[in-house]
Amino acid sequence: MLDNLILGFQTALTPENVLWCFIGVLAGTIIGLMPGLGSTTGVAILIPLTLTLEPVTALIMLAGIYYGAQYGGTITSVLISTPGEAASVVTTLDGYQMARKGRAGAALAISAIGSFVAAIISLALLMALAPPLADLALNFGPVENLSIMILGLVIVVSFAGGSMARGLMMAAAGLLISTVGVATGFSDARFTFGNIDLLGGIPFVEVMIGIFAVGEVLHQIRIGAAAPIKARFKDMVITRNELKRSVGPIFRGSGIGFVLGILPGAGSTLASFMSYGIEKKVSPNKKVFGKGAIEGVAAPEAANNAAANANFVPTLALGIPGGGTTAVLLGAFTMYGLQPGPLLFETQPTLVWGLLVSFFIGNVLLLILNLPLAPVFAQMLRIPYGFLYPIILLTSFIGAYSVSNNMFSVVLVLIFGLLGYVMKEIDLPVAPLVLGLVLGPLFEKALVQTSALGQGNFGIMLESPISIGILLFALLMAVGPMILTKLRAPGKARRAAAASSERAEDKVDA
């Protein structure tokens, strides 16, 4: 292991590789700032620019774009409630509320710190455990993946706010939206109404931009544009108490993100949602979630970054992409004449370990770039909203159009923008809808495959120890809080009665 690390640092720390790593993370941050682009599109667009580079240098740059875009998406999520990346959607829930309270700098700073810590943890685990974890990931078939999807849907309860029924209703709406298009494993088109643009389904990016960006702008216009935030520079800097509150969420988020990241197809988005949901259950500050809780930024950002790094476990060790961006990177490997798989660690140790170590260097560069600039980015909120809103709308529409070069994407953004506005007006939770939309295609695929394996008998899920364990955890997540509430109720009643008795005695004495 030590020899491999030394080899990796010798490869990654050459001036040329450090320079291209810096270019990659900087380009990724800029790409992440643009709604609709994201890391997958950014990597795909810039691959041709790397064809003249050495394979290890090219892959270091492309990987830098990948995790740089994660942070770029966070910046827009916090400042203007417009996720640049799908995995940054959860960050809008508390990050944007922190920004509205003048704490945008703190939100951006903790996301940078959380991402860096998660990167260090996940990289240490990645270097130590990549081969055995790849073997573990091979044990996850359709049955186990279906159990993971069920666990993800159970997390919906955590996003339901004060009403579980509303949360489940919105999650069902998200699942319904995800069924538009050609059915998985079949050739039938559903809910397309003869429109060929809907055959591929309703793209997640357009829904995300519409609900969060356009919906928020319309809502703010109706209630009257708020005055620009006039927070002092020192108010935008993270405090010691906020750092202390974020330690646990960052470590928990790192673990959750890494575990889900090694599963092909699970991706960073599910990791960030699940991390937020679990944090909301275990945090002593549950009531402030959704109102500007710094834990609600730290946990999903750590999970997001850890999952992004862990995605390389199946990609490098098995040749199976862990997500959309790693699928594009897998294509880059083949362009350079490389074949990811179990033998890659033996045949190309210089490339593999140089690439892995470059993740550490890239995250150090991101921390150096973005931590001092967090309060500077936050100064954007000083711009009068009369000028800021048109910029947000223009950026959103351009981002949507750039996804497919089709005006239909712009129409979808408008439609879901109106839906997002209505949801805000009647106080419906947005996150369950988004989670249902994210999990829908994955859930349907696993459901069809499990049904085929069991010949229509879903009892096959109880034949896998891994599946049983995941389902039991999902059950615990669903009923555990209710059981704890009932167990605590008598104690609360006794304490309330004692306090009432003491107040009565004090009045008598007076």
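Contact is taken here to mean heavy atoms within 4.5 Å. The structure is a predicted model, in which local features need pLDDT of at least 70 and side-chain atom pairs count only at pLDDT 80 or more, while totals for chains, interfaces and linings use all residues. Residues are numbered from 1 along each chain as its sequence is written, and side-chain values use heavy atoms, with hydrogens and water left out.

Leaving out residues up to four places away in sequence, Ser-111 touches Tyr-71, Thr-74, Val-297 and Glu-301. Ser-111 belongs to helix α6 (residues 104-138); helices (H or I, at least four residues) and strands (E, at least two) are DSSP runs, numbered from the N terminus. With a relative accessible area of 0%, Ser-111 is buried. Buried stands for under 20% relative accessible area, exposed for over 50%, and partly exposed for what lies in between, with a 1.4 Å probe and protein chains only.

The largest of them holds 50 residues, of which Ile-202, Leu-270 and Val-434 touch the most other members. Helix α20 (residues 431-453) gives the most to this core, contributing 8 residues. A second, separate core has 47 residues, including Leu-46, Ile-65, Ala-332 and Leu-365. Which residues does Ile-202 touch, not counting those up to four places away in sequence? They are Ile-177, Val-180, Val-207, Leu-412 and Phe-416.

Helix packing is well illustrated by α2 and α4. Two packed helices are described by the angle between their axes and the distance between the axes. The axes of helix α2 (residues 15-32) and helix α4 (residues 55-80) come within 6 Å and cross at roughly 30°; such axes are lines fitted to C-alpha atoms, for helices over the stretch in contact, and angles run from 0 to 180 degrees between N-to-C directions. The residues of the contact divide into 11 nonpolar, 11 polar and 1 charged, where Ala, Val, Leu, Ile, Met, Phe, Trp, Tyr, Cys and Pro count as nonpolar, Asp, Glu, Lys and Arg as charged, and the others, Gly among them, as polar.

Helix α5 (residues 91-100) is largely enclosed by the rest of the structure, because 7 of its 10 residues are buried. Among the buried residues of α5 are Asp-94, Tyr-96 and Met-98. Just after α5, Gly-102 takes a positive phi of about 85°.

Aromatic pairs come next. Rings of Phe, Tyr and Trp (its six-membered ring) pair if their centres lie within 6.5 Å, with planes under 30 degrees apart counted as stacked, over 60 as edge-to-face and the rest as tilted. By this rule there are 2 aromatic pairs. The rings of Phe-9 and Phe-360 are edge-to-face, because their centres are 6.3 Å apart and their planes stand at 75°. Phe-9 lies in helix α1 (residues 2-12) and Phe-360 in helix α16 (residues 349-370), so the pair ties together parts that are 351 residues apart in sequence. Phe-9 is partly exposed at 34% relative accessible area, as is Phe-360 at 30%. Tyr-276 and Phe-289 form an edge-to-face pair, with 5.5 Å from centre to centre and 75° between the planes. Here Tyr-276 sits in helix α11 (residues 267-282) and Phe-289 in the loop between α11 and α12 (295-310), 13 residues apart. Both Tyr-276 and Phe-289 are buried.

Backbone angles complete the picture. Most residues other than glycine have a negative phi, and most peptide bonds are trans. Phe-193 has a positive phi, near 50°, and is found in the loop between β2 (189-190) and α9 (204-223). Phe-193 counts as exposed, at 76% relative accessibility. Gln-455 also has a positive phi, of about 55°, although it is not a glycine. Gln-455 is placed in the loop between α20 and α21 (465-509) and is exposed, with a relative accessible area of 76%.

Technical notes
Core = buried A, V, L, I, M, F, W, Y, C linked by side-chain atoms within 4.5 Å.
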